[in-house]
Amino acid sequence: MTVKAMKASEVAKKVVNNQPLFILDVRNGDAFADWKIEGGNIQYINTPYFDLLDGVEEVVSELPTDRDILVVCAKEGSSVMVAEMLSEEGVDVAYLEGGMKAWSEHLEPVKVGELQGGGELYQFVRLGKGCLSYMAISEGEAAIIDATRMANIFLDFAQEKGATIKHVFDTHLHADHISGGRAIAAATGASYYLPPKDAEEVVFDYTALENGLEVAIGSSKIEIEALYSPGHTIGSTSFIVDQQYLMTGDILFIDSIGRPDLAGLADDWVGDLRESLYTRYQKLADELIVLPAHFMIIEELNEDGSVAKKLGDLFKENHGLNIADEQEFRDMVTLNLPPQPNAYQDIRKTNMGKITPDEEVQREMEIGPNRCAVR
């Protein structure tokens, strides 16, 4: 049997299209329990690599014959060795090229809709990390919101679409992933926007992203309007794009709401979080389509692979938007917090420009699931 490599992009297509896949994850049990490839039609077993050094005969009996089999490890090497051993036993198997590191960095572009007067809006789904980025394109001009550090993906996509990147925004100072905003702006000459209340410690120049700011994209005047919505951070800012889409950053997700503690100020910011969700957002149109900066669970993906839902539906269905008692709300978002993101303090410092880790260190800093939400 031939051992073949399966790219992260191929795995992403299987996840988005709900195709069957069986994964043999050979990382240690704690790493597997913390973070794995998820999908509605994925089956797993976790058998650490070191348990297979003497042979794979026992695990062969646990593998199916009716679906593709993928061996996964952290960086690729161990999965190649296990896949070769399985192949020698007559099993048709693939390994994940680049391992979980490659899975963490893959972005899947999904078109979420047309813009009035011409133009398109794309969502970049980072399935392995739960991050969501956006590109609005109109008449040869583009704006990017909440870009990940894989800047070349956005640069290449804009070039493919024949668009010049004019504006780059971060809805807030991110703590769970490294922003690609500054790098994209430096490469294109675009303006880079950051909320000033989140930028008090940054060591670079930026354009202030303030409440009410409107930026037009293309001659069709696709407006991106800033809406101050603190709570996840004190500077968190949402966007209303084309009067159709509400980009909520890390304040509101499809199945959860944002956590207020990643700067160590949960008790101070929980009131801001509630006001943003229960007052500012309540005044907005129910028909706005919510486009968050993260998703927490794979069930938040729609059939086309996008993560989006009408604001009115979320006010009916999202538990975090339906807690009438203020103290109960406060307790939920301060006493029910998930583990903090991996290396989040260093990620914040990187996004402030205070430290500049090399590429491999940045990869290590980001390893792990999205932990921006409480639910």
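## Close-ups of a predicted model

Helices (H or I, at least four residues) and strands (E, at least two) are DSSP runs, numbered from the N terminus. UniProt, in an unreviewed entry, places the feature "domain: Rhodanese" at residues 17–112; its positions follow the numbering used here, feature names are shortened, and annotations may be inferred rather than shown by experiment.

A quick note before the views: this is a predicted model, where local features need pLDDT of at least 70, side-chain atom pairs count only at pLDDT 80 or more, and totals for chains, interfaces and linings use all residues. Residues are numbered from 1 along each chain as its sequence is written, and side-chain values use heavy atoms, with hydrogens and water left out.

View 1. Two strands count as paired if DSSP finds at least two bridges between them.

**View 2. The hairpin of strands 13 and 14.** These two strands run antiparallel and are joined by four bridges. One spot to look for is V215, whose bridge partner in strand 14 is I224. Four residues lie between the strands, and G218 in the turn has a positive phi of about 75 degrees.

**View 3. Strand 14 (residues 222–228) and its partner, strand 15.** Five bridges link this pair in the antiparallel sense, and L227 has S238 in strand 15 as its bridge partner. Strand 14 is mostly covered, with five of its seven residues buried (buried means under 20% relative accessible area, exposed over 50%, partly exposed in between, using a 1.4 Å probe and protein chains only).

**View 4. Strand 15 (residues 237–241) next to strand 16 (residues 245–249).** Here the pairing is antiparallel again, over three bridges. Look for I240, which has L246 in strand 16 as its bridge partner.

**View 5. R259 in its loop.** You'll find R259 between strand 17 (257–258) and helix 8 (266–280). R259 counts as buried because its relative accessibility is 0%. Leaving out residues up to four places away in sequence, R259 touches several others, including G231, H232, L337, P338 and R371; contact means heavy atoms within 4.5 Å. E359 is 100 residues away from R259 along the chain, and their C-alpha atoms are separated by 28 Å.
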